[in-house]
Structure formats: structure tokens, C-alpha cells
Amino acid sequence: MDEETAAQEIPVIIEEVVASSSSLPLIGGLSILIILILLSIRYIQKSPKVSKLTNSNDKKKKVDNKVTLDPKADAAYLVNCLRPTSTPLEILYAIATTPDTVAVTSKHVALANELREKKLAHLATKKSEASHKSMDDLFDDDGWAEEDEDDPAAAAAKKAKEEKEKEEKRLAKATGKDVTDVTKVKLEGVDDGVLGQEWVVTNLTKLGVWPPPGFTSTDLNSKKFTDENGKKVSPLNHPGVKRALIMTMGRLNAKKLNTHPELMAAGPKGLIDPTYFQATMEYRQRVGQVLEGTLRMACTLRSYRLASSILDAIVMFKIGLMDVNSTEQRDWFNGLMVKQYGQGGTPKLILDDKFLGVPTPEPEKKDNNASPADKKEEEKNKIAQQIMQTKQVTTTDEKMALEMTITRQHAESFTKEKLAAAQKQGIPPQIAMQAYREAWFILVRARKVDDTDGVTPITTWDGALGDANHPASNHMKFLKEKNDSLYKILDSTTIQSFTTEFASTETNCENRIVIGWPFVISNVAQKTGKVKIHLPPPVEAGKYEFCVTIKSQEFLGVEEEFKLVVDVAKGVEKKKEDVDADDDTEGKKDK
């Protein structure tokens, strides 16, 4: 008997056995046995009770995608990790290990693992179904294969069942429970050629930046974190902490990773693991927000060194580089700006009309259509302002004013580029302009200098400004006395480190901020603007040098710094009625 004849006879034999059981030759008996075995297997596969029994032990609790955050505890952890000497990298490491950061990254890891398990289970099921395809072809869910195709009732039932399955799929997709979606997600370690977290670690290791440089020598490395099993582990052995640190180092080395041939080839093919790379976008946003809050902490603590390091960390993380002081990195950044914005596109602030002294009234804005009389009045006001600026500051003045005119040299080049980009993308220009943000930060320090040469520092000055009862060396005590909310969450070690920072009159003028002042450009076309900052005057007569440092939160190597000397005279204490009269006058002006 040839193969074709045998294939034709198998259904006949089975059909005969089913049709007649009165006569059972040997081959009929074997056929019945085969049918019984197939039916038994089919029953086991389809039985919901058996399915429930076999899968009950393997079924895991679904991962909840919600995360409970505690901003106060997060702030307390972070500020107590900071010291006046903290480097930009140490600041970023601290942010990567805060409770809220770890809670978020741990949840991402758990969700990614759950998705990976679902896909592996789906692939295993698919493989199992494929291996039993020949058996499944013998049956459908309602009986013998192809038995009732001509039956109108059966056809209607079949169509109704198909419609029901389609509706269930639509509902599952709408509610995010569509298992078929899992099959479409490309996952590293499951799908061939997909790049994700492990690929990033491999390349960070090749670059010599994994493990994170200097991390093992920080106090953070000795901390213990509770993993998903309730076990206390070191930072690099905790999945959430490790992931945050990988994302941090990945961002700081983005220039090299983003241009890597493997990543550039994988992108167009869709071979990118979204459970890692999409999470990096959320992580970048979170770190940016935390850095802003950390900068406010440094200003409250009046630490110039810490504030400067935080500003450097902001630029490093935003641009993607390891060292803001690297000549190589600065040359690269300048070249990038010239390439994108042209020769005049390198960011730079030009500072004019710098003044420190008695506050002057703001002149009214010029009106090009003003009458000759109005223009004459404007000129008189300008002269009056110049005269006011010659007035000497006294120790009893309520405040001084630091004023300057700032011109953005790069405004025109940036505007042209933004408009061209908006036109190319089909975005209305006004919308593109609204999305612009350029942040700068002004740090002011002060020292007393010799009355004769105006240069030599007077190292005995206690740094008191505005109130003789609050010298620079007692700043932490001052925070405690005023029941400051930040001081309340400081531990004793942190308090001691910042107290020591200002303990010496020889160094506190270098290390202490008089004021930290942000200014943000939200109009890319704005070329010129005026900045006025009020400062408390010294309580001792003499000459003082105020050092003004302007640092960018966006650009590399564009720091500006200048010094102004002001001569402060001994003032006359005002009587109470004079103070009240001044307050009334100010109140009327405000109205």
C-alpha cells in the first residue's frame, strides 16, 4: 500500500469504527484506542477545571503600576546626602538613590519583568500549539472537524462565536489587557537583536564609566536598600538603584551612546526595548525637577560651593557630558552651537550698566510717539536717576540694589533657527516661540576690603548683612531660630558640615552666598533686559567688594563674573515715626 492510498484509508477506517461497533477486527480495535487517547488529551487541554488546577500555582499577582511617593522623606534623604564639597557626580548619585527615585525605577523594573514573563509565556504557548497542530486540526471546539459546515444553525453559532471573540479582543485592547500587544513589544533578552539596559551597561563598561566612577568611595555605597524580597542589599545589587545609576551614566554619556552604530542601526528596525528607553525620558524629567529643588536647598543653606556644583550637574545632565571643565567638551559644545546657529550663535551674555548702591526708581518705558514735553520729562527722570545712583549707601539703609543690563548676543541667531525649524515641521511660529526656555542663575558673594586700596580682604569681618545679630558664621543657628522647614529635616552630621563651612572669617566670604537669584528667558527673540536684585547692606561702615557670578543652566562654558566695590557710610538710626512714615510712603507707591 502506497502513502497516498494509506492517507485516503485512515478516515475511512475511523468512520467505519464509529459507524459500526458490532464487529471489531484488530485494526478497528487499534483505531478505537487511538480515538480514545486523542479525546482524553483533548479533554485535558480544554477542561477549565484542569486548566485552573495546573495553572493555579504558576499564576503570579499582577504588578500594580501605581507608586506611592513621599516628597518630604525624599527631600530629607537628599539634603542629608549633600555636603559643601559635593561634586556634580556625587549630587547626581544622591538623586539616583533617593527613596522616591528608587520606588519609581523599581516599579519600572517590576513592570518590565512582568511584561517579559508574559511574552515568554505567550511564546511558549505558541510553540506548544504549533507542536500539536496536527492533532488540533482533527477537531474544532464543537465536535468533529468539518462535520457541520453545511448546517445553518451551526454556521450561525460559529459566526456568533467569531463576533464574540472579536469584541473581546477590542475590549481587551481598549482596557490595556490585550495579550496580543505583548507579542508586538520588542524586549531585550527575548527578541533577537533588541537593545536595552544590558546593552547600555555593556557599552558604559567599555567606556570605563561602569560601575559609576567614584561611587564605591562615597558614603552612598555603604547604604543598604530593601529589594523586592525584603532583603537588605548594597546599591549596585538593588535592581531599582542599579537602574537609576545606569540611566544617570547613560545620560552623561549620551553623546557616545546615541551615535553608536549598533543603536543607530537598531532604531529604524524597531529593535529598541521600550521598557528601558521610554523610562529614561521620565527619569530625565524627574532628575531635572529634583536638581531645581536641590539648588533651592543650597541657596537656603547659603553654600556657594554646593550651589555651583548643582548648577554644573544641571548642565552635565541636560547636555550629556561627564565634566563641565573639560576643554575637549567645551570645544565640542562650541562647535555644535556654531554648526546649528552659525558664527553668532554661541551663547553669551553682554553685561552693561552694572551698578550697586541705593535703589533707584525705574524709569518709565520710552514712547516713540511721545510729545516733545514728554520726552523732556523722560530726560529729567533719567538725570534724576543718575543723581540717585551717586548717593552713598549707609549701614542703616533698608536695602541696596544690584542692577545691570543684559544683552543676549545669541538672540538673533537662535530666533532664526527656531523659526526655520518651526516652518520645516509645520508648527505655527508663535507656538514654537512659546516653548522656549533659557535659564540662568546669579550668585552673589561679599567681602570687606581695605579702605585704602579697595582690594586687600579684611579677614576679621564677620559677614553680617542687614542684621548685626546674624553674622555669617551663625547662619545655621539663624535657620534654627527662625524654625526653618529645611533645617528641621537636617541631621546632626549635615548641620555640622555646613556650620564648619562658615566657621572661619577667612573663608566664609568665599563660601557663603549673599543671595541666589534665577532669571529665565521665555522669549527666544528677547535681546536685552534689565535685572535688579535687592541686597541687605553691611552693618559696618567701610568698603565692600561684591562678587557677582552668572552661570547658565543650559549651556557649557558661558559663565560670567564681575566685581563691584561699594563704599558704605555709617548711617543714622531712624526713629520709629520716621520708619512708619517711610512705610506709608512705600504703601502709597505700591497702590
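I take buried to mean under 20% relative accessible area. The model I examined is predicted.

**Entry 1: strand β8**

I looked up β8, residues 438-449, with that cut-off in mind. Because twelve of the twelve residues of β8 are buried, I recorded the strand as largely enclosed by the rest of the structure.

**Entry 2: the sheet around β8**

Which strands make up the sheet, and in what order? I read five strands in an open sheet, in the order β6-β12-β11-β8-β9, with mixed pairing. β6 and β9 (515-521) stand at the edges with a single partner strand each, so one side of each is left without a neighbour in the sheet.

I then went through the pairings.

- β8 and β9 pair in the antiparallel sense over seven bridges; in β9, Trp-517 is the bridge partner of Ile-442, and Pro-518 is that of Phe-441.
- β8 and β11 run antiparallel and are joined by ten bridges; Ile-442 has Ile-550 as its bridge partner in β11.
- β11 (residues 542-552) and β12 are antiparallel, with nine bridges between them; Tyr-544 is bridged to Val-566 in β12.
- β6 (residues 393-394) and β12 (residues 560-569) run parallel and share two bridges; Val-393 is partnered by Val-568 in β12.

**Entry 3: the nonpolar core**

I next looked up the largest nonpolar core, which has 111 residues; Leu-291, Met-404 and Leu-535 have the most contacts inside it. Helix α15 (residues 304-319) gives the most to this core, with eleven residues. As a general note, nonpolar side chains in soluble globular proteins tend to be buried together.

What does Leu-291 touch, not counting residues up to four places away in sequence? I listed Ile-91, Leu-92, Ile-95, Ile-310, Ala-313, Ile-314 and Phe-317.

**Entry 4: helices α4 and α14**

Last, I checked how α4 (residues 71-79) packs with α14 (residues 274-300): the angle is about 65 degrees and the axes are 11 Å apart. I recorded the crossing of α4 and α14 as right-handed. From α4, Asp-74, Ala-75, Leu-78 and Val-79 meet Arg-286, Val-290, Thr-294 and Met-297 of α14.

Conventions:
Residues numbered from 1 in each chain as written. Predicted model: local features only at pLDDT ≥ 70, side-chain atom pairs only at ≥ 80, totals over all residues. Heavy atoms only, no water. Axes fitted to C-alpha atoms, helices over the stretch in contact; angles between N-to-C directions. Helix = DSSP H or I, 4+ residues; strand = E, 2+ residues; numbered from the N terminus. Left-handed = near helix turned anticlockwise from the far one by under 90°. Contact = heavy atoms within 4.5 Å. Pairing = 2+ DSSP bridges. Core = buried A, V, L, I, M, F, W, Y, C linked by side-chain atoms within 4.5 Å. Buried < 20%, exposed > 50% of the residue type's maximum accessible area, 1.4 Å probe, protein only.
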